[in-house]
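Student: I am new to this structure. Could we go through it in questions and answers?

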There are 4 protein chains.
Amino acid sequence: MRAVVIHAPKDLRLDTLAERQPGPGEVMVRIGMGGICGSDLHYYNHGGFGTVRIREPMTLGHEVSGTVAAVGEGVANVRPGTRVAVNPSRPCLVCKYCEAGLHNQCLDMRFFGSAMRFPHVQGAFSEHVTVLARQAVPVPERISLAEAAMAEPLSVCLHAANQAGALFGKRVLVTGCGPIGALMVLVARTAGAAEIVATDIASRPLETALKVGATRAIDPVKDPDALKPYAADKGSFDVHFEASGTEVALRTGIELVRPRGTIVQIGVGGEAKLPMNVLVAKEIALRGTFRFDDEFDLAVRMMGDGIIDVRPVISDTFPVADAHAAFELAGDRNKAMKVQIAF
Amino acid sequence: MRAVVIHAPKDLRLDTLAERQPGPGEVMVRIGMGGICGSDLHYYNHGGFGTVRIREPMTLGHEVSGTVAAVGEGVANVRPGTRVAVNPSRPCLVCKYCEAGLHNQCLDMRFFGSAMRFPHVQGAFSEHVTVLARQAVPVPERISLAEAAMAEPLSVCLHAANQAGALFGKRVLVTGCGPIGALMVLVARTAGAAEIVATDIASRPLETALKVGATRAIDPVKDPDALKPYAADKGSFDVHFEASGTEVALRTGIELVRPRGTIVQIGVGGEAKLPMNVLVAKEIALRGTFRFDDEFDLAVRMMGDGIIDVRPVISDTFPVADAHAAFELAGDRNKAMKVQIAF
Amino acid sequence: MRAVVIHAPKDLRLDTLAERQPGPGEVMVRIGMGGICGSDLHYYNHGGFGTVRIREPMTLGHEVSGTVAAVGEGVANVRPGTRVAVNPSRPCLVCKYCEAGLHNQCLDMRFFGSAMRFPHVQGAFSEHVTVLARQAVPVPERISLAEAAMAEPLSVCLHAANQAGALFGKRVLVTGCGPIGALMVLVARTAGAAEIVATDIASRPLETALKVGATRAIDPVKDPDALKPYAADKGSFDVHFEASGTEVALRTGIELVRPRGTIVQIGVGGEAKLPMNVLVAKEIALRGTFRFDDEFDLAVRMMGDGIIDVRPVISDTFPVADAHAAFELAGDRNKAMKVQIAF
Amino acid sequence: MRAVVIHAPKDLRLDTLAERQPGPGEVMVRIGMGGICGSDLHYYNHGGFGTVRIREPMTLGHEVSGTVAAVGEGVANVRPGTRVAVNPSRPCLVCKYCEAGLHNQCLDMRFFGSAMRFPHVQGAFSEHVTVLARQAVPVPERISLAEAAMAEPLSVCLHAANQAGALFGKRVLVTGCGPIGALMVLVARTAGAAEIVATDIASRPLETALKVGATRAIDPVKDPDALKPYAADKGSFDVHFEASGTEVALRTGIELVRPRGTIVQIGVGGEAKLPMNVLVAKEIALRGTFRFDDEFDLAVRMMGDGIIDVRPVISDTFPVADAHAAFELAGDRNKAMKVQIAF
């Protein structure tokens with residue numbers, strides 16, 4: 001089968017790999033659609049991020065959906081032909097964090113397409129992927145495989161929302177409106193936020209933010225005064241979702257969030273220099289959010305029930321043969337939001 | 001009456017000021033004891049901190065206790081002779097934060113001995129101080145005026161504890177064990193923490209931390225490996241109270257706190273460069289804590305009921321005539337913990 | 001001016017009362033629309049509820065909107081002609097609960113049309129009402145006075161939602177779908193609940209529940225087995241809003257809510273016999289919710305911004321001359337939802 | 001080996017049963033001490049409680065400690081001779097509640113000495129008990145086997161405390177001061193409660209409550225006015241732990257708890273008639289608490305570190321040959337607190 005494999009920065013190849021038949025409790029999925037994520041782009045452009053670097057060829061991809069091709073012994077939740085979203089997260093289920101119900105903090109996590117471990121955990125941008133049955137989540141008729149492949153980034157945002165407490169009636173700031181930020185706007189809108197201000201420095205993300213429910217979209221470079229009024233009386237926003245990974249956006253949030261407000265930093269980011277005096281004086285809570293846990297199933301369910309519609313966030317689809325072009329476009333924030341590859 | 005007035009860095013004078021008779025709803029307190037706080041030291045040594053600078057002579061001090069000398073019309077909670085701890089905090093009670101019950105975030109706060117406003121709010125290191133009746137909190141017989149003057153820093157720590165959720169059964173790290181850090185250890189001990197590790201780079205704070213309940217006291221400079229085991233399995237501490245105001249201690253906490261743990265940053269601090277990738281991946285909550293609210297009355301009550309004994313944190317007492325020496329000693333972390341001035 | 005005054009059970013009169021000119025900080029509102037609430041019906045039908053009984057003639061009504069007719073000295077937030085929703089709640093602002101920000105628990109509350117105090121606090125079903133300026137909340141052009149008069153019951157539901165934590169992605173049960181229950185469904189829908197099951201024993205409420213977002217509407221008398229599947233595996237619902245005030249509905253919730261789930265009891269109710277063994281074994285939290293606090297302003301804002309549309313809950317409007325008929329219809333759950341009186 | 005087996009109400013026998021050698025991952029413990037719990041007493045006196053009834057002979061007991069006698073293959077945490085507290089709780093680890101980290105809500109729980117399932121889960125009042133290695137928790141030298149056998153009831157109280165949020169600085173009411181209530185007082189004291197009022201209608205529990213930290217002990221039958229002042233201003237207590245299982249005590253709590261306060265109902269209880277109007281108007285949260293989860297290990301650790309001293313709650317010890325007398329005494333609330341059987 002063909003797979004989208006990264007060998008070195010910019011050296012992306014369509015390799016031919018052997019597929020693996022499902023063992024007991026496993027399922028082989030014929031992949032239909034796969035979304036390119038920011039971490040895929042880091043591997044593609046830089047060979048990794050921080051101390052995480054590819055040290056052997058690695059199939060990319062962890063946002064995939066498809067159709068069950070074969071099931072191993074004892075599998076009950078799906079059968080051949082079932083359309084599924086594939087949960088890329090495979091926690092060990094026995095470490096102390098798994099036992100406490102914090103699976104995303106698993107000490108022995110296997111997550112598709114990640115070079116954190118060696119040998120690397122191979123990704124899912126391939127014609128077939130064999131996973132545990134629990135990782136194959138059936139999707140309702142109502143949603144397409146393209147939408148199903150959004151379950152992963154959507155669940156990241158559902159998990160982020162859960163770190164912020166109730167959003168209903170709240171004033172929310174979202175900085176950085178690429179696919180994750182835009183989905184965050186969508187989640188805040190679905191959760192009944194009273195006001196959602198979105199910022200970005202590119203036009204496409206701002207347009208998308210407005211489409212999925214932002215009350216207002218601001219480019220703080222073009223319009224440097226637009227955010228100032230929100231700083232009045234120590235700040236206006238109850239919650240800030242920071243999805244740009246930039247220090248300047250995080251500092252903006254610290255200035256604009258009200259006393260006792262919450263900032264949720266999404267995505268990995270690196271180092272950031274912060275005005276601790278302001279964070280302290282306003283008693284802000286700055287929380288990290290990392291991947292997701294049982295939000296994956298919820299993401300599928302809420303899309304399937306028509307409560308969340310992610311389609312405005314999907315901008316482009318490429319056949320797998322054009323994977324290279326897909327990755328190039330995905331890296332251009334002015335032109336693309338979520339770029340998907342059709343297998 | 002005499003007052004301890006700062007005119008410029010190191011220019012501390014015993015000035016003679018007029019006392020003010022209490023108006024309706026007010027109380028004049030003859031000050032008995034006053035503790036020197038870190039912010040007093042900043043005014044004394046540097047004329048302020050950050051952008052807050054003394055622009056006119058200012059009486060220092062906000063940790064005081066004494067005896068009611070006179071009461072204005074309509075005062076019912078105290079009478080002449082009542083021993084009181086003086087709450088240095090005077091929120092406006094009408095702004096939106098006061099109305100929401102967040103008095104420490106008041107938009108028009110008057111806090112003793114603070115140069116944040118101009119004209120400055122004069123402090124309480126003077127022979128008499130006139131305050132609202134509600135600021136004069138009667139203290140039980142059981143506690144001395146020296147202990148009563150600890151109500152303010154203790155209430156800072158009670159407020160910090162409230163930002164961390166329940167401490168009972170928790171593993172707690174306290175970095176920086178000057179008076180605030182040591183009181184934080186004491187509070188964590190009183191709140192039933194299962195384990196309290198305290199760090200400092202001076203010996204006197206570490207000794208005091210052990211006296212007030214730390215399980216272990218570590219000098220991370222002298223013993224650089226001592227903290228390493230706590231980093232195992234992504235970190236050990238449920239809660240970290242950061243009372244040193246240093247970037248290195250905050251970074252240590254981010255490394256040693258377990259996933260989903262909480263860091264409470266006490267005190268103002270300046271800028272700090274933080275490893276956001278670690279905070280994000282471990283989903284740590286970093287919260288600021290600022291002054292206190294109704295914890296002041298609770299501090300008096302818990303000392304009065306013998307539940308909290310702050311005496312091990314008081315190291316020295318000077319007569320007001322030696323205020324200069326008191327300030328010099330208070331600045332020496334190896335020799336002194338809380339230094340108080342007797343009026 | 002004319003006012004709708006209850007003198008005794010079923011003895012509702014259109015009395016002529018003197019209007020009161022606004023003093024400093026006050027506003028006189030010409031009432032446009034007023035909704036009949038369950039407590040109004042209790043006064044109308046029974047002269048009160050529990051130990052609360054009318055002991056003198058009392059103007060009914062606390063769900064009103066109108067147009068500012070005159071303003072007293074120092075009023076800045078509105079001017080004559082401003083359309084407003086009238087907040088019927090007037091806490092003392094100085095008791096310990098007000099100071100702590102829990103205004104709905106005020107020890108000296110004045111709430112329109114309530115016989116809890118004597119002399120009674122007169123209600124707002126009159127041609128003019130004079131209130132504190134802060135009670136007159138301007139409403140956007142977008143919403144009608146009929147909708148504005150829904151701000152009060154909507155704020156009751158917003159407050160109830162706040163007692164339940166985040167509803168986003170949750171499975172919600174609402175028992176009793178009169179005006180409050182239906183608004184509760186609407187609030188849960190707006191807050192992004194994943195599933196909302198509504199129950200009632202009358203058809204009109206069930207139809208309305210479906211209109212405002214219930215996933216499913218069940219009459220447990222007609223279809224006694226319909227709820228059983230939700231009891232599987234110790235229960236299915238994360239949150240139960242109980243708005244019927246009946247013991248049987250509360251017991252149903254205890255059976256159907258999952259372990260660690262939350263039940264929010266809305267409305268006053270009387271005594272109820274509960275299976276404490278089940279509540280204990282499943283570690284359910286049963287919470288009361290009472291009136292509202294700053295949710296009133298939020299209710300106006302969310303209607304004004306088009307986030308919440310309450311119109312499907314308003315069923316009938318009567319001119320004030322037909323107040324008697326309005327009260328009779330409002331008492332018929334099969335025929336009416338929210339009945340309003342136009343002044 | 002001998003075992004304390006209930007055959008029918010009051011028909012308690014010392015039967016001779018076969019011991020079971022430990023399989024892989026298992027441990028055989030030679031029981032040293034076992035405490036009699038309320039549920040043991042229910043089986044002894046009535047053959048069960050509610051719908052739970054003994055249908056075959058069942059060894060009683062689930063509060064036991066002892067010394068490891070033999071270990072199965074692959075056991076690493078203990079070895080023969082290790083003194084251990086035995087955790088009577090054995091969740092399935094795979095059901096949805098276990099996976100979410102809520103092991104005490106396990107759908108397939110095996111708990112020592114419980115007739116909830118059939119065949120019954122045999123208890124631990126026998127000379128040897130074979131358990132999973134994870135159920136055998138090593139105890140520090142500092143504590144005796146008698147104290148170690150208190151780990152179970154103590155963990156019940158730690159779990160109850162966790163349902164109430166932080167107790168530090170809070171005003172706490174404990175109703176019912178048998179072994180569980182007294183341990184609850186002890187936990188609240190250790191957690192830094194500002195005030196603890198304990199009630200019971202027997203003298204021995206009240207005396208014990210004072211010994212373990214109650215501020216005040218009240219017999220509401222002998223002194224019916226003593227609790228009245230706590231009802232002022234809508235109520236005084238932040239938290240009420242109800243450990244009597246009586247309706248009257250629960251109703252008392254609803255009256256005495258402040259608005260937004262919390263009541264934690266411990267133990268199973270049956271039906272109770274409650275004033276929902278008061279619970280609603282004061283927005284009280286009434287929560288159940290059931291058994292415990294990882295609090296068992298914490299209980300051992302906190303006793304082992306000298307933070308919690310349970311000895312004042314142990315009143316009597318009998319040799320196993322006198323098991324019958326032990327059960328009789330344990331049922332007399334005026335004479336006994338925790339009665340233990342030495343094996």
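Student: Which residue of chain A forms a salt bridge with D:Glu99?

Tutor: This is a predicted model, where local features need pLDDT of at least 70, side-chain atom pairs count only at pLDDT 80 or more, and totals for chains, interfaces and linings use all residues. Side-chain values use heavy atoms, without hydrogens and water, residues are numbered from 1 along each chain as its sequence is written, and chains are lettered from A and ligands numbered from 1 in the order in which they are written. A salt bridge is a side-chain nitrogen of Lys or Arg within 4 Å of a carboxyl oxygen of Asp or Glu. With the closest N and O atoms 2.5 Å apart, the partner of D:Glu99 is A:Arg134.

Student: How many salt bridges does the rule find across the interface of chain A and chain D?

Tutor: The contact (heavy atoms within 4.5 Å) takes six residues from chain A and six residues from chain D. Across that interface, the number of salt bridges found is two.

Student: What area is buried between chain A and chain D?

Tutor: Buried area is the accessible area (1.4 Å probe) that two parts lose on being put together, summed over both. Carbon and sulfur atoms give 33% of it here. The area buried between chain A and chain D is about 420 Å².

Student: Which three residues supply 75% of the area that chain A buries against chain D?

Tutor: They supply more than any other three residues. They are A:Glu99, A:His103 and A:Arg134.

Student: What area is buried between chain B and chain A?

Tutor: Here 41 residues of chain B are in contact with 41 residues of chain A. Carbon and sulfur atoms give 54% of the buried area. The area comes to about 3,500 Å².

Student: Which residue of chain A meets B:Arg251 in a salt bridge?

Tutor: The rule finds two salt bridges across the interface of chain B and chain A. In one of them, the side chain of B:Arg251 comes to 2.8 Å, N to O, from its partner. That partner is A:Glu271.

Student: How many residues apart are B:Asp200 and B:Arg333?

Tutor: The whole structure holds 61 salt bridges over all chains. One of them joins B:Asp200 to B:Arg333, with the closest N and O atoms 2.7 Å apart. The pair links distant parts of the chain: B:Asp200 is in the loop between strand 14 (195-199) and helix 6 (203-211), while B:Arg333 is in the loop between helix 10 (323-330) and strand 21 (338-342), and the separation in residues is 133.

Student: Are helix 4 and helix 9 of chain B roughly parallel or roughly perpendicular?

Tutor: Under 35 degrees counts as roughly parallel, over 145 as roughly antiparallel, 65 to 115 as roughly perpendicular and the rest as oblique. Helix 4 and helix 9 (residues 295-304) of chain B pack at about 110°, with axes 8 Å apart. That makes helix 4 of chain B, relative to helix 9 of chain B, roughly perpendicular.

Student: Which residues of helix 5 of chain D meet helix 4 of chain D?

Tutor: The axes of helix 4 (residues 151-163) and helix 5 (residues 179-190) of chain D come within 9 Å and cross at roughly 55°. From helix 4 of chain D, the contact uses residues including D:Pro153, D:Leu154 and D:Val156.

Student: Where does B:Pro119 lie?

Tutor: The peptide bond from B:Phe118 to B:Pro119 is cis, with omega near -5°. Most peptide bonds are trans. B:Pro119 lies in the loop between strand 10 (110-111) and strand 11 (128-132) of chain B.

Student: What is phi of B:Glu283?

Tutor: B:Glu283 is in the loop between helix 8 (276-281) and strand 19 (285-289) of chain B. Its phi is positive, in a residue other than glycine, and is near 55°.

Technical notes:
Axes fitted to C-alpha atoms, helices over the stretch in contact; angles between N-to-C directions. Helix = DSSP H or I, 4+ residues; strand = E, 2+ residues; numbered from the N terminus.
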